[in-house]
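Dear colleague,

I am handing over the structure we spoke about, and it is placed just below this paragraph.

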Amino acid sequence: LGAYVFGGALCMVGALCYAELGTTLPVSGGEYTYFNAVLGRPIAFSFVWTTFWMLKAASQSIFALTISQTLGSIIFGLPLHSADDTLLWPVKLGAMVVLVVLCGVNCCGVHWGAYVGVLVTLLNMGTVSLLLGMGMVAVYSGDRLPEALPQKLEPLTPITELGFGATVNNFGLAVLVCLWTYDGWNGLNYATSLLEKPQRTLPRCIGYGVTAVVAIYLLVTLSYLGSLDPAVVAHSPVVAVALGQRVLGKLGQVLIGVAISISCTGALNGSILTGSQIYYRAAADGIWPSWFHYLHPRSKAPTRALVVQCGWVCIATCAGALKVLISYFSFCVFLFYGLAVLCLLVLRQTRDPTPGAYHTPLYPFFPVLFLCLTAGIIVNAVTAAPLGSALTLAFIAISLPVSYLCGCGPEEAEVSAELQYEAQEGEGISVKDWRAQVENFAEGGGI
């Protein structure tokens, strides 16, 4: 519970910083746009490189494997894990089927992916209500259920026996997992130029959205702790399923399993959509292979980016273990979150304020606090898994010389005027006017 509170507070601070970034640079693209405009093309290339090979591969694999695990357990009675904690091949094959289906949906057009997102959001609201309702029923019914798992559970080690160093390390790793569950608070920054009045809309959506998500996770976690034995919460592969079994038996297990699959489907669909947009836009700027800068003439979807992304994620799904993917994802993503907040500090010092832009409260305390906490999380992850972290950092570092080999030198840093105009069609802005705004920003003004 403490990890969820800490992680939620960290995400809220980061979201406030991202609100200012999104209103200072009101163009789509998220971190890619900020790196390309502030830190230069090599850093932007490094972000796209890591996003393609690691971040999106990890996040989409996690969601797809979770969907396949849950549905496989419900429909076919497959165990969630094999004896050596390695994911079963039927689960991996099922995950690849899920990836291919959702890739096909998005290839049919962006609007179809949006329809899936809206439908899943509505179903998620029902899922949250179901979980909270089950938790209340379980709490008011009296006894906890220590037998929710068939195997014998090992007793939990009291925190007083772990020592300060081990406690801090374990808490940091728990925060990493919680941060993964919160991930998505920056998603609206990928579509800033599509918002009406982003200077007002973006901060409100980010603030209300992050607050609601943190509150929901805390309430659901409290329902787990109030209705299940702590050992069950610690050892259960899917705690929500254990809660469903606690209240409604087999029916509750099935209902919660389906609800979890629906929720993960929405998150996976959003990740597929944003990932393809990053590669398409980077290709338009000349940072990524130009082959990715292609829209299907009928569906207007970036089909090449979608198909290549799906193929690589399927390969990563076969090779990776769920816990390893979660650890690497959280570690990498917060490294780039920290760099994005660093862009905010640079913008404040080097650019004129953008009229109407949102300003982060308690500046510069919140951005500096976020950077310090992010650095602490990264150091803790490196200490806990030095070899894996070193390999991850080395892989990211390789992208810098590769960026120069691909011609992404810092002297070419700019934002694609034609590309951003594509996102603003119908809003009365011409390519000439948009290019003038981009040149104004490059000279130190605001957009």
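Predicted model: local features only at pLDDT ≥ 70, side-chain atom pairs only at ≥ 80, totals over all residues.

The aromatic residues come next, and a search of the whole structure finds 24 aromatic pairs. One of them is formed by Trp49 and Phe395, whose rings are 5.5 Å apart centre to centre with 35° between the planes, a tilted arrangement. Trp49 belongs to helix α3 (residues 41–76) and Phe395 to helix α14 (residues 386–405), so this pair ties together parts that are 346 residues apart in sequence. Trp49 is buried, at a relative accessible area of 14%, whereas Phe395 is partly exposed, at 27%.

A second pair joins Tyr279 and Phe292, and it counts as edge-to-face because the planes stand at 70°, with the ring centres 6.4 Å apart. Here Tyr279 lies in helix α10 (residues 250–284) while Phe292 lies in the loop between α10 and α11 (303–319), so the parts tied together are 13 residues apart in sequence. Both Tyr279 and Phe292 are buried. These two residues, together with Trp49 and Phe395, belong to one aromatic cluster, which also includes Phe45, Phe52, Trp53, Trp288, Trp291 and Trp312.

Turning to charged side chains, which residues meet in a salt bridge? The search of the whole structure finds one salt bridge, and it is made by the side chains of Glu20 and Arg348, at 2.5 Å from N to O. The pair links distant parts of the chain, since Glu20 is in helix α1 and Arg348 in helix α12 (residues 322–350), 328 residues apart. Glu20 is buried, with a relative accessible area of 2%, but Arg348 is partly exposed, with a relative accessible area of 29%.

Arg348 also lies over the face of Tyr363, at 3.8 Å from the ring centre. Elsewhere, the charged end of Arg304 sits over the ring of Tyr294, at 4.1 Å from its centre.

Key. Residues numbered from 1 in each chain as written. Heavy atoms only, no water. Phe/Tyr/Trp six-rings, centres within 6.5 Å; stacked < 30°, edge-to-face > 60°. Helix = DSSP H or I, 4+ residues; strand = E, 2+ residues; numbered from the N terminus. Buried < 20%, exposed > 50% of the residue type's maximum accessible area, 1.4 Å probe, protein only. Lys NZ or Arg CZ within 6 Å of the ring centre and 35° of its normal. Salt bridge = Lys/Arg side-chain N within 4 Å of Asp/Glu carboxyl O.
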